[in-house]
Amino acid sequence: MTLEDESDVAVSEAQIAVHWREEELYFPPAAFVGQANASDPAIFERFKEENFPECYREYADLLTWDQYWHTTLDTSNAPFWKWFVGGKLNVSYNCVDRHLATQRNKAALIWVPEPEEEQTQAITYQELYRRVNEFAALLRDFGGVQTGDRVTFHLPMVPELPVSMLACARLGVIHSQVFGGFSGSACGGRIADSQSRILVTMDGYYRNGELIDHKAKADEAVARAREEGVEVERVLVWRRHPGQYASESPMVEGRDFFVDELLAEYRDQIVEPVSMPAEAPLFLMYTSGTTGKPKGAQHSTGGYLAYVAGTSKYYQDIHPDDTYWCFADIGWITGHSYIVYGPLALGTTSVMYEGVPTYPDPGRPWRIAERLGVNIFHTAPTTIRMLRKVGPDEPNKYNYHFKHMTTVGEPIEPEVWRWYRDVVGKGEAVIVDTWWQTENGGFLGSTLPALQPMKPGSCGPGVLGVFPVIYDEHGEEVSAGSGRAGNICIRNPWPGIFQTIWGQPERFLDIYYRKYCRDEKSTDWHDWPYFAGDGAMQAADGYFRILGRVDDVINVAGHRLGTKELESAALTVDKVAEAAAVPVMDDLRGRAVEMYVSLKPGYEAGTDIEHEVALAIENEIGKIARPKNVWVVPDMPKTRSGKIMRRVTAGISNFTDVGDVTTLANPEIVEKIRIQVHAAKMASGQLPRELTAAELEEIKGFGHAD
Ligand code: PRX
């Protein structure tokens, strides 16, 4: 770094004092406490630091092991932690077979199709057992997959997705589900990275009243994977309506097959669950980071399942006779852990919904809750904000009762939290705000619902056996109640932690551990704090308030989009010379993306280029990433060494003070861009709104990971 650069480095989170009002505490209703899985404070004793790591036996003991483990935590190859070493188990057996003895014909999954006139499907544990076995037989005998192979899914929210996951788990095959809303190209990149020979997809699905053609994306995915040197041999296509094809895209002879047709041959087949070592990988989940290429977070079998079962039991308060609805997408880690694996490991009924929250009207979620008797509800702030905006009184019209509600994925504004509690929860439910990440497998920060009060906007303290700490840039601890923010880290490993980035162990070390490692040769976990990439502050009572990413990831409606990924998508447009992605505050989605692009010589700005850039991003990543605005600017604000100053463009997009720009190489451009962008925003009704202290700090700090 040059000296000139140093003066441009934005203030780090750790130096920022963020001021806000301390929120009051809310206590759980007595009826909840009376029935809670964790209602005895002795649980804190059992999980205190001196009992680590053996405390996690309690989670592992929720599972059925084929062979018990001999070492709870092996740190010999730090920080590639191994949990429950020597143990063997099968995830599909734990989530399905073992429940047959006592609850064979209880619903495991209840699937609600988006069209309201279409019948809800209740899939019993027995039926799930059949479907999983049949698809496992097909994958093994027709697909030719073997233990340890990877299979990519690009599936929407249909029961075929958990069936496919559990079929892979039964065989010890590693699944990699790509969010259904992502583009074919994004899927292809992930196929190539994981070297999957099989893609499992669906012809179509309903979204906002429309039957979307999804199979077309499979063709793009296969083409993209081929460009990256990986040949997909089989595309297995589930049909939304078996027997009818919902896509315009032709089936490729010898490559594409309808699963419903193939399954006829596997009817009633039983596949013995493969007994897997606890530390064998169970699945990959790709997520965005600082660099362009998504990283495949590799999750384990024993540690992961134990962790999601334990946290589902104590934090989600799931009992076998609950009707639990996590309104999230399974293409997201939340869905893996808290729609499929955690709830099914505990033998409860897990509800899945295909469509959007407001279809056909904003009363839909509450009708589903009433009709099915849902008593635990789990969703993201973006959904809560949307439902609050378009149907603030809708919940009152329906007769459902939640004992427990969850929020996950983004910071929730205290006003939105209060609406969630008072209107959605009718004042009867406890709320857990759960902070964690794709890489973590399960919750890291939350409250034990019967034992720790709720505080709007704060996730709570570290969960059982997880010991967070806030460090400043120099590795000094930022103390609770200091009013200062810093980088939240976890001091210790926990069973749900991902094992590595698929195929990139060095990158794993670099991103998550190098920053605060005390001694790279050490095999003592105390020397290896996990760097989460979030800014946070801790109140005097120990509760954490998460401020957002510190690594240039933009969290749009709970989806992590890396600035580099967005920028490389924009750069696929030939005319674009440079691109910078920044977040803009959005009342519904939390953050939206704005793109700044400058053009190669000889090209003129115009709406056609704006469209091309937006389309390129949609094609490369998916609709979710579509920018709110594309600004074609004469030049980017840059440091003298040529670095694009994203905090300046972020400030302009959010109408905030851009700070000192006099040391830039081209300070005059800032005012030009500001006038251009602000005039266009005002003309289209995108008016400035007041930002909270935390939002202001996020904008000021944006881009400091450069
Ligand atoms: O910035 C944090 C935010 O979402 C990021 C993780 O995103 P992802 O890997 O997609 O996983 C989301 C679901 C687990 C975090 O780094 N985040 C997640 N939960 C919260 C949150 N921010 C504030 N409060 C939360 N409860």
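1. A polar contact here is a pair of N or O atoms within 3.5 Å. The model is predicted.

2. Start with Asp534. An N or O atom in its side chain lies 2.6 Å from an oxygen atom of the ligand. Trp332 also uses its side chain: an N or O atom there is 3.3 Å from a ligand oxygen. Pro411 uses its backbone instead, with a polar atom 3.4 Å from a nitrogen atom of the ligand.

3. How much of the ligand does the protein bury? On its own, the ligand exposes 540 Å². The protein buries 98% of that.

4. Next, the shell. Helix H13 (333–345), strand E20 (430–434) and strand E25 (544–549) are the elements that each give two or more residues to the shell around the ligand. The ligand has 19 residues around it, and those that come nearest are Asp433, Thr438, Asp534, Arg549 and Arg560. By type, the shell residues divide into seven nonpolar, seven polar and five charged.

5. Now helix H21, residues 668–683. Its length checks out: 16 residues at 1.5 Å a residue should span 22 Å, and the end C-alpha atoms are 23 Å apart, which agrees.

6. Which residues of H21 are buried? They are Ile669, Val670, Ile673, Val677, His678 and Lys681. These residues cover an arc of only 145 degrees around the axis, so they sit on the same side of H21. The face turned away from that buried side carries exposed residues: Lys672, Ile675 and Ala683.

Note on methods
Residues are numbered from 1 along each chain as its sequence is written. This is a predicted model: local features need pLDDT of at least 70, side-chain atom pairs count only at pLDDT 80 or more; totals for chains, interfaces and linings use all residues. Side-chain values use heavy atoms; hydrogens and water are left out. A residue is near a molecule or strand if one of its heavy atoms lies within 4 Å of it. A polar contact is a pair of N or O atoms within 3.5 Å; within protein, one must be able to donate a hydrogen and the other to accept it, and residues adjacent in sequence count only if both atoms are side-chain atoms. Accessible areas come from the Shrake-Rupley method with a 1.4 Å probe; for residues, only the protein chains shown count as cover. Helices (H or I, at least four residues) and strands (E, at least two) are DSSP runs, numbered from the N terminus. Ala, Val, Leu, Ile, Met, Phe, Trp, Tyr, Cys and Pro count as nonpolar, Asp, Glu, Lys and Arg as charged, and the others, Gly among them, as polar. The expected span of a helix is 1.5 Å times one less than its number of residues. Buried means under 20% relative accessible area, exposed over 50%, partly exposed in between (1.4 Å probe, protein chains only). The arc is that of the directions from the helix axis to the C-beta atoms.
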